[in-house]
Amino acid sequence: MRMNIIIRTMLFVVICLIITGSLLIFSSTGSMPFFKGHIAKVIIAFAGFFVFMLIPYEYYKKYSKYALLLAIVLLVLTPLLGTEKNGAKRWIELWFFSFQPSEMAKIVLIMHLALLIEKKGELIVDFKKGFRYALFWIGLVASLVIIQPNVSNSVIITLISFTVLYVGGARLKHIAITLGGAGAAALATIFAFYPHAVSRIMAFFTNEHMQVKQAKIALGSGGLLGLGLGNSRASDRFVPEPYGDFIFSILGEETGFIGAFLVLVSYLVIFVAGIIISKRAKDTFGQLFAFGVSFTIIISAFINVGVVTGMLPTTGITLPFISFGGTSLLVFAISIGILMNIAMQNKDAPKISIEAQTASG
Amino acid sequence: MIKTRALLVILFIFAGFFAITAHLFNIQVVKHDLYREIAFRQQDKQSNILAERGMIKDRTGKTLSYTKRDYSYYASLRQFKTESAKKKVASKFAEVFGKSESHYLNLLNSDKSRVCIEKKAPFEKSLKLREFIVDGLSAEEDYTRVYPENRLASHVLGYVNTNLEGVNGVEKYFEDYLKGEDGLLFVQRDVLGKTVGVVQEYSYEPVPGDVIELTIDGDYQKILEEELAKGLNKYEGVSATGIVMDPNTGAILAMANIPDYNPGSYGKFTDFERKNRAIMDIYEPGSTIKPLVIGMMMEENLVNLNENIETENGTFTYNRVKISDTHPSRRLSVRGVLYESSNIGMVKLSERIEENTFYKYLRDFGFGNSSSIDLPGESSGFLKKPKNFSRISKAFISHGYEISVTPLQMLTAFCATINGGYLNQPYIVNRIKKESGETIKQFEKVTLRTVLSKEISDTLRNVLVNVVEEGTGSLARLDDIYVGGKTGTAQKWTADGYSTEEYNSSFIGFFPAKAPKVAVFVLVNSPKVGFYGGRVAAPIFKEISERIVNSDINIAPYKEKIIRKDQTIDNLLASVEDSRNDVGITRMLNVTENGSTVKKRDFSNLPKDIMPDLRGYSVREVMAVTSMLGIKCSVTGSGRVSSQSIEPGEKIAPGQTCKIECKMED
């Protein structure tokens with residue numbers, strides 16, 4: 001398949017998802033200022049996308065360590081400077097929007113892990129010479145995220161990181177042992193210090209979370225074809241903050257199973273496109289970075305939908321490209337920008353004019 | 001990058017995709033109906049907007065019944081999260097309604113999810129609460145049926161239950177018109193039960209009920225009720241019923257029963273008080289049926305008004321049943337039979353008419369059938385079929401026994417004898433209007449059949465005028481206009497046969513005599529004073545009629561004082577022989593008056609300076625004599641004169657006062 005087609009398809013799908021998200025946010029809030037705020041973030045996200053599409057991804061090899069250190073500093077600062085919302089400090093207020101460092105840390109960590117694996121090469125199978133460096137960064141970032149507290153994001157960062165390590169060639173034994181150890185330690189910590197996370201998990205097994213129950217009612221009342229865009233009833237406070245993590249329920253209510261399924265397929269398309277880009281990337285860094293980013297997008301989407309449909313305990317994972325939330329949108333747009341750049345520099349077509357791509361996109 | 005591992009991850013992703021899709025399909029498509037139902041229940045609420053019930057007005061437009069819109073205040077306690085919110089509500093309500101704060105706090109602390117904290121708050125109080133908005137506190141429209149005239153026309157109007165559904169009277173009979181159509185508010189609510197919006201598509205405005213305009217005249221109704229109550233009190237009866245009807249159309253101008261009730265608080269009254277006797281009670285009409293029977297015989301050419309009937313001095317045995325008259329005579333003309341209300345005369349006359357013809361006329365007069373008035377609960381009375389007649393049935397029916405009628409039936413039939421012979425369908429609603437004023441239905445006179453010819457009806461009407469002028473209905477006479485009518489006294493049927501103590505005393509009269517515009521029915525059930533229709537019901541009729549004539553200029557625009565004595569004297573001067581020697585003795589003379597011959601006491605030959613013997617005179621005659629003699633008199637009691645303060649034969653001087661005591665003759 002021509003790279004061009006893959007890039008175009010991916011861009012088309014992403015733009016569709018962003019438009020869908022904007023419409024849903026408008027329909028579920030019914031508020032013009034809210035919608036305008038979202039559009040401003042969409043514009044910023046596009047800017048981010050273009051910038052990162054143009055930056056040759058090889059540059060990251062030089063700066064990934066500093067980027068990761070910056071992310072870690074921000075994560076450390078978050079509990080100190082952050083804005084508290086719903087009992088957690090996850091946001092840093094920037095000039096015009098609040099910024100969630102954990103979202104940024106996620107992608108920077110993948111980037112650095114990809115670089116680490118490329119640098120270490122075969123050494124990654126060795127614990128002392130390779131694996132432990134990766135473990136150090138993962139542990140540091142995950143720990144900082146967990147103390148915000150943001151248990152679910154921490155778990156997902158760990159999951160993505162180990163997936164990258166696994167695909168990158170780390171030994172399964174190391175992964176299993178560290179995951180087991182970290183898991184046990186994390187569980188112990190959670191049970192000791194995070195009653196709200198425990199209660200959420202317990203609630204998942206005992207009775208349904210109110211938000212999830214309402215989300216399911218919204219989805220279920222959507223039926224096959226949905227109530228039509230803008231006709232959501234659940235968004236009238238039945239599903240609290242429907243524009244955020246639970247926007248998928250409004251999507252399902254308004255566009256029915258057909259719409260929800262199409263959105264799921266969209267994520268799958270992005271993922272498959274990302275995998276193809278990964279496969280054709282010219283170096284291991286590019287391959288693993290593209291793989292990690294694609295995996296992050298789809299796993300976020302699946303976890304979000306899993307939560308909304310009641311398959312998983314509630315988390316704070318956003319629905320990529322659709323959920324209201326500046327950081328999430330920006331980080332995912334940047335991810336796509338990086339994927340584009342990796343794609344443009346693939347081994348089959350080393351010379352592709354950036355201008356031409358931009359115009360076609 | 002290890003390809004097999006990447007493939008494994010991809011595989012997991014695809015597995016996840018299928019799992020999520022399947023799960024989503026299950027929720028959205030398989031369980032769609034379930035979730036839709038849940039969503040519908042929690043999100044939407046249909047609430048009725050009560051339609052405003054239509055008004056009931058009298059024929060002049062006076063409002064007799066309307067609906068007041070109040071507000072009731074409800075608290076949804078789930079939404080009262082804080083004690084301070086409750087405190088706020090309690091103190092505000094305590095301030096507005098003047099009750100204690102703790103009263104409201106108790107209500108707000110109950111364990112129900114929703115409590116009514118103030119029911120039917122008056123408008124001015126609800127105004128004070130307009131700006132007072134607290135989550136969970138809601139005001140709902142609450143309607144009350146109001147009867148601004150209180151007891152006026154209570155039996156006609158009926159009443160409504162707490163849901164404002166008509167239970168009795170016009171309120172019940174015209175329920176479909178009055179109730180209007182409730183609107184529907186299709187409200188969407190959020191999870192807290194707050195209204196999010198209204199779905200216009202499914203919502204519609206209520207349609208207010210129609211206005212019922214009665215044929216009832218509020219003024220007539222008031223007069224009728226007051227006079228009936230006064231009469232019932234005076235004659236110590238158990239109950240009294242009165243109906244005022246336009247004899248030419250059958251429109252009911254007033255209908256009342258005493259005791260009555262207040263429809264606004266109907267629950268405080270007994271069934272006895274709430275019963276509309278005018279259409280529900282049946283009674284044996286007694287003598288009021290006599291003109292009808294005479295009428296049908298005239299129609300069949302079986303009788304001549306001037307022929308004489310032997311009336312056996314008041315006692316007669318007919319088929320081994322004793323018949324007696326209250327005013328015994330040896331012989332009476334057929335007119336006289338009506339004037340003196342002779343039962344014996346009627347019994348004898350009844351022999352002339354064939355049973356089936358008799359029955360047919362009674363049916364034609366509307367007996368044995370409900371009148372189909374637009375009121376609920378009407379009784380159809382009881383009329384024997386000829387095949388069930390005994391030997392004495394015809395004789396008894398002809399003077400008002402062995403037949404049961406409702407007051408309304410009786411009046412309607414009676415009107416047929418005076419209005420030219422037409423039996424009209426009685427009706428009580430003039431028209432039904434939309435709330436906007438547009439007439440939906442106009443009720444008009446419906447003539448069911450012609451029972452008597454116009455000629456016979458005209459003759460009977462004159463006879464009935466003379467029943468009042470000269471016969472048993474004398475206490476019904478008015479000063480200003482001629483009235484006609486017939487008394488009726490019926491012994492009540494009890495377990496021991498016809499009672500000698502309990503009577504139904506009635507009078508049916510009409511005026512003005514020449515072209516009646518108003519017919520009035522009065523019935524007093526078991527009076528303890530008087531008994532006779534002529535003594536009890538006739539004076540009540542007189543009071544009612546007098547007030548109606550005085551209040552409604554349309555009835556007798558050219559009324560003038562009837563100078564009966566002068567007329568009498570003029571006639572006497574022309575026809576009476578001089579008999580000045582018989583001092584103080586008067587004679588009965590036949591005098592032509594008002595187109596027919598009546599008996600008049602002749603006192604033209606009384607000396608001017610000697611007190612005559614007034615004993616046995618009627619009050620009216622006393623007035624005539626004393627004014628002729630130029631002396632004053634003060635009359636106590638009623639009926640015929642029993643004693644006089646100036647003895648007969650004493651010298652009298654003009655301006656002297658004579659005290660007269662009257663007694664009912666029994």
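Q: Why are α2(A) and α12(A) described as roughly parallel to each other?
A: In this predicted model, the axes of α2(A) and α12(A) come within 7 Å and cross at roughly 25°. Angles under 35 degrees count as roughly parallel, and α2(A) and α12(A) are therefore roughly parallel to each other. The crossing of this pair, α2(A) and α12(A), is right-handed.

Q: What makes the contact of α2(A) with α12(A), and how do its residues divide by class?
A: With contact taken as heavy atoms within 4.5 Å, α2(A) contributes residues including A:His38, A:Lys41, A:Val42, A:Ala45, A:Phe49 and A:Phe52, while α12(A) contributes residues among them A:Gly326, A:Leu329, A:Ala333, A:Ile336, A:Gly337 and A:Asn341. The residues of the contact of α2(A) with α12(A) divide into 15 nonpolar, five polar and one charged. Since Lys counts as charged, A:Lys41 of α2(A) belongs to that class.

Q: Why is α6(A) called oblique to α11(A)?
A: The axes of α6(A), residues 151-168, and α11(A), residues 284-308, come within 10 Å and cross at roughly 140°. Roughly antiparallel is kept for angles over 145 degrees and roughly perpendicular for 65 to 115, with the rest counted as oblique, and the angle therefore makes α6(A) oblique to α11(A). The crossing of α6(A) and α11(A) is right-handed.

Q: Which residues make the contact of α6(A) with α11(A), and what is their division by class?
A: From α6(A) come A:Ile156, A:Leu159, A:Ile160, A:Thr163, A:Val164, A:Val167 and A:Gly168, and from α11(A) come A:Leu288, A:Phe291, A:Gly292, A:Phe295, A:Thr296, A:Ile299 and A:Ile303. By class this contact has ten nonpolar, four polar and no charged residues, with Gly counted among the polar ones.

Q: How many cavities does the count give, and what volume has the largest cavity?
A: The count comes to five cavities of 30 Å³ or more, and the volume of the largest cavity is about 70 Å³.

Q: What lines the largest cavity, and which elements give two or more residues to the lining?
A: Its lining is formed by A:Leu11, A:Val14, A:Ile15, A:Ile18, A:Ala45, A:Phe46, A:Phe49, A:Phe321, A:Ala333 and A:Ile336. The elements that give two or more residues to this lining are α1 (3-29), α2 (32-54) and α12 (326-344) of chain A, and α1(A) gives the most, with four residues. By class the lining divides into ten nonpolar, no polar and no charged residues.

Q: How are α12(B) and α18(B) packed, and what makes their contact?
A: Helix α12(B), residues 290-299, and helix α18(B), residues 454-469, pack at an angle of about 145° with their axes 10 Å apart, and their crossing is right-handed. The contact is made by B:Pro291, B:Ile294, B:Gly295, B:Met298 and B:Glu299 of α12(B) and by B:Ile456, B:Thr459, B:Leu460 and B:Leu464 of α18(B). These residues comprise six nonpolar, two polar and one charged.

Q: Which peptide bond of B:Pro259 is cis, and where does this residue lie?
A: The cis peptide bond joins B:Ile258 and B:Pro259, with omega about 5°, and B:Pro259 is found in the loop between β10 (252-258) and α10 (271-274) of chain B.

Q: What is omega for the cis peptide bond that joins B:Phe511 and B:Pro512?
A: For the bond between B:Phe511 and B:Pro512, omega is about -15°, and B:Pro512 lies in the loop between β22 (497-511) and β23 (518-525) of chain B.

Q: What is phi of B:Glu312, and where is the place of B:Glu312?
A: Phi of B:Glu312 is near 55°, a positive value in a residue other than glycine, and B:Glu312 has its place in the loop between β11 (308-310) and β12 (315-318) of chain B.

Definitions and conventions. Residues are numbered from 1 along each chain as its sequence is written. Chains are lettered from A and ligands numbered from 1 in the order in which they are written. This is a predicted model: local features need pLDDT of at least 70, side-chain atom pairs count only at pLDDT 80 or more; totals for chains, interfaces and linings use all residues. Side-chain values use heavy atoms; hydrogens and water are left out. On a 1 Å grid over the protein atoms alone, a cavity is a set of points where a 1.4 Å probe fits but cannot get out, and a pocket is an open set with protein on both sides within 12 Å along at least five of seven lines; lining residues have an atom within 4 Å of a point. Grid points are joined across faces, edges and corners, and a volume is the space filled by probe spheres set on the points. Axes are lines fitted to C-alpha atoms, for helices over the stretch in contact, and angles run from 0 to 180 degrees between N-to-C directions. A crossing is left-handed if the near helix is turned anticlockwise from the far one by less than a right angle, and right-handed if clockwise.
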